[in-house]
Amino acid sequence: MSGSHQEQPLLENSFIEEDEPQETAYDSSEKIVVVGVDESDDEENWGRVPRFSWKKLWLFTGPGFLMSIAFLDPGNLEGDLQAGAIAGYSLLWLLMWATAMGLLIQLLSARLGVATGKHLAELCREEYPPWARIVLWIMAELALIGSDIQEVIGSAIAIRILSHGVVPLWAGVVITALDCFIFLFLENYGVRTLEAFFAILIGVMAISFAWMFGEAKPSGKELLLGVLIPKLSSKTIQQAVGVVGCLIMPHNVFLHSALVQSRQVDRSKKGRVQEALNYYSIESTLALVVSFIINIFVTTVFAKGFYGSELANSIGLVNAGQYLEETYGGGLFPILYIWGIGLLAAGQSSTITGTYAGQFIMGGFLNLRLKKWMRALITRSCAIIPTMIVALLFDTSEESLDVLNEWLNVLQSVQIPFALIPLLCLVSKEQIMGTFRIGAVLKVFCHSILHFDLTGHLLGAIMYLIKDFVMTT
């Protein structure tokens, strides 16, 4: 296949009126130049993939770990602890396969971004008629606001735990809102500085929840059996749906396709595009393996302490720390504060990546050419204002906060198709992806995952509605 054929979809895909400047995920000056490029690049070797390099893998490492934050946000932690408390170790296998499905979706998102040089929101703006892209944009914003409410509330709960109840929920929301300024400050120092900051937060989560795991000492045998042997009963269907539903977040699909463009890739050479895809696949897999292990830590700690107990059905983010303290005691460092530190790291990291995703979504769909601080401020305000209202309304009612969280999960369930369907359609088109479009077998497999995920989300939404109806009547 000739180089001209490879460039054709890129030219078609980027056909815009010349006098209209386009919003891009990263300016050329912000992109990381991957060093170690072979000297032998020429017309004959345009399709050759350079040999593996650890140095290049390190330079490509970053976007996958930012993407993995969505697998570790407070909503996921709540799903983990409830699955462990109510289902014990029996849903660990589902957690593993749900993470694997999430990885495949994220790899498709990265593939779209690398092969086209544009992220999902930009491509939706260019490929769909005005009414469709407006609907997709509104749905993406609603999904982002819903997930951000959960993440900010999670951070506020952690702040209340660490302050020993002195800081109310609404004040924790205000403190969390200030992370926008941290984000803007770090962004001025380049992509690698921002990625290093998130790596530190993931490390804090890993250490905190590993410490909890060590304190609780869950059964290694039960853990292994839970991962390897599928089990599902009628009593744990709701938790199973929660495990699957929490992992694939609509805004994360948009985010990853933009993050991969932080590296400069010569898309005129097929080998260079494939090389980037290979490195991104490795680092994304490593990132989600880390997230899977952290999720296992949380699930098994609550399985060991609360499975089969009277408290199992009443545990949520708000009271989890208190129950952990009562069950496992103080220890060298009180487990209540270990939980609070891990939860705070999860909440802060996920709210900042939410701000990041909001910039790409708003800029991509609307082609806004605003300064980054202005976009971040607008994006943050869209999420913080409703979150503040929620915090003031539900500050004194833990049960109402749990019900709200369930309704937000329903919202995410409704929004999922508006991210996954455009992704699968675009990544399957030859005129957009060229030789990097997905094949028939992978396309069928991905559509099967989509149907499975949508069925799971629909089932979860119905169950939440039935549960809410029963409780109110």
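Visitor: Is Tyr89 buried or exposed?
Guide: Happy to start there, keeping in mind that this is a predicted model. Tyr89 sits in the loop that links helix H4 (74-87) to H5. Its relative accessibility is 12%, and the cut-off for burial is under 20%, so Tyr89 counts as buried.

Visitor: Lys217 is not a glycine; what is its phi?
Guide: Most residues other than glycine have a negative phi. Lys217 lies in the loop between helix H10 (191-216) and helix H11 (220-228), and it is exposed, with a relative accessible area of 59%. Its phi is positive, at about 55 degrees.

Visitor: How many of the residues of H5 are buried?
Guide: Helix H5 covers residues 92-116 and reaches 36 Å from its first C-alpha to its last, close to the 36 Å expected at 1.5 Å a residue. Just after H5 comes Gly117, with a positive phi of about 75 degrees. The helix is mostly covered, and the buried count is 20 of its 25 residues.

Visitor: Are H7 and H13 roughly parallel or roughly perpendicular to each other?
Guide: Helix H7 (residues 130-162) packs on helix H13 (residues 250-259) with the axes 8 Å apart and an angle of about 105 degrees. Angles of 65 to 115 degrees fall in a single class, so H7 and H13 are roughly perpendicular.

Visitor: By class, which residues does the contact of H13 with H19 have?
Guide: The axes of H13 and H19 come within 7 Å and cross at roughly 40 degrees, which makes H13 oblique to H19. Pro250, Val253 and Phe254 in H13 meet Phe418, Ala419, Leu420 and Leu423 in H19. By class, that gives no polar, no charged and 7 nonpolar residues.

Visitor: Which residues of H19 are buried?
Guide: Helix H19 (residues 417-427) is mostly covered, with 8 of its 11 residues buried. These are Pro417, Ala419, Leu420, Pro422, Leu423, Leu424, Leu426 and Val427.

Visitor: What does Met212 touch, not counting residues up to four places away in sequence?
Guide: Met212 is one of the core residues that touch the most other members. Its partners are Val301, Phe302, Leu324, Ile335, Ile338 and Trp339.

Visitor: To zoom out, how much of the chain counts as buried?
Guide: The chain has 21 helices and 2 strands. Among contacts between residues at least 6 apart in sequence, 85% join residues at least 24 apart. Of the 473 residues, the share that counts as buried is 55%.

Terms used. Residues numbered from 1 in each chain as written. Predicted model: local features only at pLDDT ≥ 70, side-chain atom pairs only at ≥ 80, totals over all residues. Heavy atoms only, no water. Helix = DSSP H or I, 4+ residues; strand = E, 2+ residues; numbered from the N terminus. Expected span 1.5 Å × (residues − 1). Buried < 20%, exposed > 50% of the residue type's maximum accessible area, 1.4 Å probe, protein only. Axes fitted to C-alpha atoms, helices over the stretch in contact; angles between N-to-C directions. Parallel < 35°, antiparallel > 145°, perpendicular 65-115°, else oblique. Core = buried A, V, L, I, M, F, W, Y, C linked by side-chain atoms within 4.5 Å. Contact = heavy atoms within 4.5 Å. Nonpolar A, V, L, I, M, F, W, Y, C, P; charged D, E, K, R; others polar.
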